[in-house]
Amino acid sequence: MRLVFAGTPEVAVPALDALLASDRHEVVAVVTRPDAPAGRGRRLVASPVAERAEEAGIEVLKPARPRDEDFLARLREIAPDCCPVVAYGALLPKAALDIPVHGWVNLHFSLLPAWRGAAPVQHAILAGDEVTGASTFLIEEGLDSGPVYGVVTEEVRPTDTSGDLLTRLAFAGSGLLAATMDGIEDGSLKAVPQPAEGVSLAPKINVEDARIDWSVPALRVDRVVRGCAPAPGAWTLFRGERLKVMSVVPAPGRDGLAPGEISAAKNSVHVGTGSHAVELQWVQPQGKKPMKAADWARGVRIAAGERLGAA
């Protein structure tokens with residue numbers, strides 16, 4: 001098939017690579033989000049998908065909005081058979097959805113209908129799911145509600161951050177997306193409607209969602225820290241300033257600390273929660289680089305009874 005691939009971030013690149021390597025399909029163009037400011041100089045930078053497509057000598061389309069008529073006209077000229085999608089980042093209008101013969105097929109990083117939305121991997125970790133996966137489905141106008149072509153499963157490891165898990169799913173899902181294109185092309189694969197039960201939503205995690213509530217159990221604190229890593233990053237307040245908490249380890253043997261109360265020893269820092277304590281591993285003070293929690297604690301000289309989370 002003639003394919004137009006739509007995607008934007010680094011997590012979409014493995015799927016693009018898998019399709020480029022296919023001897024059954026031709027990626028004739030890529031659709032991605034416009035260049036965005038990045039770095040200290042805030043200069044405009046092309047998306048990872050755009051950079052990979054340019055390396056491969058493929059036409060790159062960067063519409064400000066997918067409903068722009070000049071973009072739709074170019075897509076009609078290209079006349080793709082199918083448009084595979086991975087984390088494109090913009091809603092597709094019906095006028096675009098109707099152009100390819102076999103529609104737009106999305107690789108979504110959950111086992112649909114679970115975790116429909118922008119942050120499925122983060123929500124899987126926050127919820128304590130033991131297994132998640134990736135699904136390919138035919139995009140329709142609803143939110144991740146279209147019929148499913150196929151799935152792969154992936155174990156959620158106890159120490160996984162959302163970044164760890166998303167990286168594994170990106171590679172596992174790339175094979176699923178390529179196989180889905182094969183099945184659509186030869187007619188062996190039919191999309192199956194999603195069940196009405198089991199639907200859960202995964203809206204984008206914002207900065208306030210990533211604020212640690214030290215009154216909840218240690219298990220919940222650990223999930224928030226892992227689920228929000230690397231972005232937006234779990235955080236708390238210390239002496240009125242933001243402190244990013246990059247990793248913790250539940251410490252069931254440490255009791256007696258009030259929620260948020262800090263206990264600093266020479267080589268360890270523990271913080272009380274609603275159950276037992278957690279040990280802080282890595283933190284990042286405001287305006288500084290990440291550091292070991294014990295080094296941070298020595299530098300700020302924790303006083304007896306000081307707490308995290310207080311303004």
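Leaving aside its neighbours within four places in sequence, which residues is Pro120 in contact with?

Author: Pro120 is in contact (heavy atoms within 4.5 Å) with His108, Phe109, Ser110, Trp115 and Ala202, leaving aside neighbours within four places. This is a predicted model: local features need pLDDT of at least 70, side-chain atom pairs need 80 or more, and totals for chains, interfaces and linings use all residues. Residues are numbered from 1 along each chain as its sequence is written, and side-chain values use heavy atoms, without hydrogens or water.

Pro120 sits in helix H5. Helices (DSSP H or I, at least four residues) and strands (E, at least two) are numbered from the N terminus. Pro120 is buried, at 7% relative accessible area. Buried means under 20%, exposed over 50%, partly exposed in between (1.4 Å probe, protein chains only). One of its contacts is Ala202. That residue is 82 places away in sequence, yet the two C-alpha atoms are 5.2 Å apart. Across the chain, 65% of contacts between residues at least 6 apart in sequence join residues at least 24 apart.

The loop between S7 and H5 holds Pro113. A cis peptide bond joins Leu112 to Pro113, with omega about 15°. A cis bond also runs from Ala229 to Pro230, where omega is near 10°. Pro230 lies in the loop between helix H7 (218-227) and strand S10 (235-238). Most peptide bonds are trans.

H5 (120-126) and strand S7 (104-108) each supply at least two residues to the lining of the largest pocket. A pocket is an open set of points on a 1 Å grid over the protein atoms alone, where a 1.4 Å probe fits, with protein on both sides within 12 Å along at least five of seven lines; lining residues have an atom within 4 Å of a point. The lining counts 42 residues. Nearest the pocket centre are Ala87, Tyr88, Gly89, Gly117 and Ala118.

Phe109, a contact of Pro120, is among the residues with the most contacts inside the largest nonpolar core. Such a core joins buried Ala, Val, Leu, Ile, Met, Phe, Trp, Tyr and Cys through side-chain atoms within 4.5 Å. It has 32 residues, with Phe5, Leu19, Val30, Val86, Leu177 and Met181 also among the best connected. S7 and H5 each give at least two residues to this core, as do strand S1 (2-7), helix H1 (13-20), strand S2 (26-31), helix H2 (48-55) and helix H6 (162-186). H6 gives the most, with eight. A second, separate core of 29 residues includes Ile205, Trp214, Ala234 and Leu243.

Beyond four places in sequence, Phe5 touches residues including Leu16, Leu19, Val30, Val49, Val86 and Leu177. In H1, Val13, Pro14, Ala15, Leu16 and Leu19 are buried. Their cover includes S1, S2, H2, strand S6 (83-86) and H6.

H2 buries Val49, Ala50 and Ala53. These cover an arc of only 100° (directions from the helix axis to the C-beta atoms), so they lie on the same side of H2. They pack against S1, H1, S2 and strand S5 (59-61). Just after H2, Gly57 has a positive phi of about 75°.

Finally, the whole chain. Eight helices and 15 strands make up its secondary structure. Of its 311 residues, 48% are buried.
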